[in-house]
Amino acid sequence: MAESKTKFESIRGWVVDHKLRTVGCLWLSGIGSSIAYNWSRPNMKTSVKIIHARLHAQALTLAALAGAAVVEYYDHRNRPKADPYGKYLPYSHKD
């Protein structure tokens, strides 16, 4: 019987398939939450609030890109090795 995926494995699979979409969603949620937080502080100028929101979103994006790189590294590392010259040979040398 096939085992059903856990919630973590299904989320991880989606992130692996949609890396850039994940980074974009994190950026959008980061800038939105940062703007909401900065707007709750009334003693700051609007330009400073926008600059802080951009900096927070940029830091979150860099962290998300680093996380995507780590996921890609471990997926590549754990993937079964393929024959690097198989597509160049007209026959299979294993026969």
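This is a predicted model: local features need pLDDT of at least 70, side-chain atom pairs count only at pLDDT 80 or more; totals for chains, interfaces and linings use all residues.
Student: How many residues does helix α3 have, and what span does it reach from its first C-alpha to its last?

Tutor: The expected span of a helix is 1.5 Å times one less than its number of residues. Helix α3 covers residues 46-78, which is 33 residues, and reaches 48 Å, close to the 48 Å expected.

Student: At what angle do the axes of α1 and α2 cross?

Tutor: Angles of 65 to 115 degrees count as roughly perpendicular. Helix α1 (residues 7-17) and helix α2 (residues 19-39) have axes that cross at roughly 100° and come within 5 Å. That is why α1 is described as roughly perpendicular to α2.

Student: Which residues of α1 meet which residues of α2?

Tutor: From α1 come Trp14, Val15, Val16 and Asp17; from α2, Lys19, Arg21 and Thr22. Sorted by class, this contact has 3 nonpolar, 1 polar and 3 charged residues.

Student: What pattern does the protein chain follow along the sequence?

Tutor: The pattern is α-α-α, with 3 helices and 0 strands.

Student: What share of the residues of the protein chain counts as buried?

Tutor: The figure is 15% of the 95 residues. The protein chain exposes about 8,100 Å², and carbon and sulfur atoms supply 64% of that area. Among contacts with a separation of 6 or more, 42% join residues 24 or more positions apart.

Note on methods: Residues are numbered from 1 along each chain as its sequence is written. Side-chain values use heavy atoms; hydrogens and water are left out. Axes are lines fitted to C-alpha atoms, for helices over the stretch in contact, and angles run from 0 to 180 degrees between N-to-C directions. Helices (H or I, at least four residues) and strands (E, at least two) are DSSP runs, numbered from the N terminus. Angles under 35 degrees count as roughly parallel, over 145 as roughly antiparallel, 65 to 115 as roughly perpendicular and the rest as oblique. Contact means heavy atoms within 4.5 Å. Ala, Val, Leu, Ile, Met, Phe, Trp, Tyr, Cys and Pro count as nonpolar, Asp, Glu, Lys and Arg as charged, and the others, Gly among them, as polar. Buried means under 20% relative accessible area, exposed over 50%, partly exposed in between (1.4 Å probe, protein chains only). Accessible areas come from the Shrake-Rupley method with a 1.4 Å probe; for residues, only the protein chains shown count as cover.
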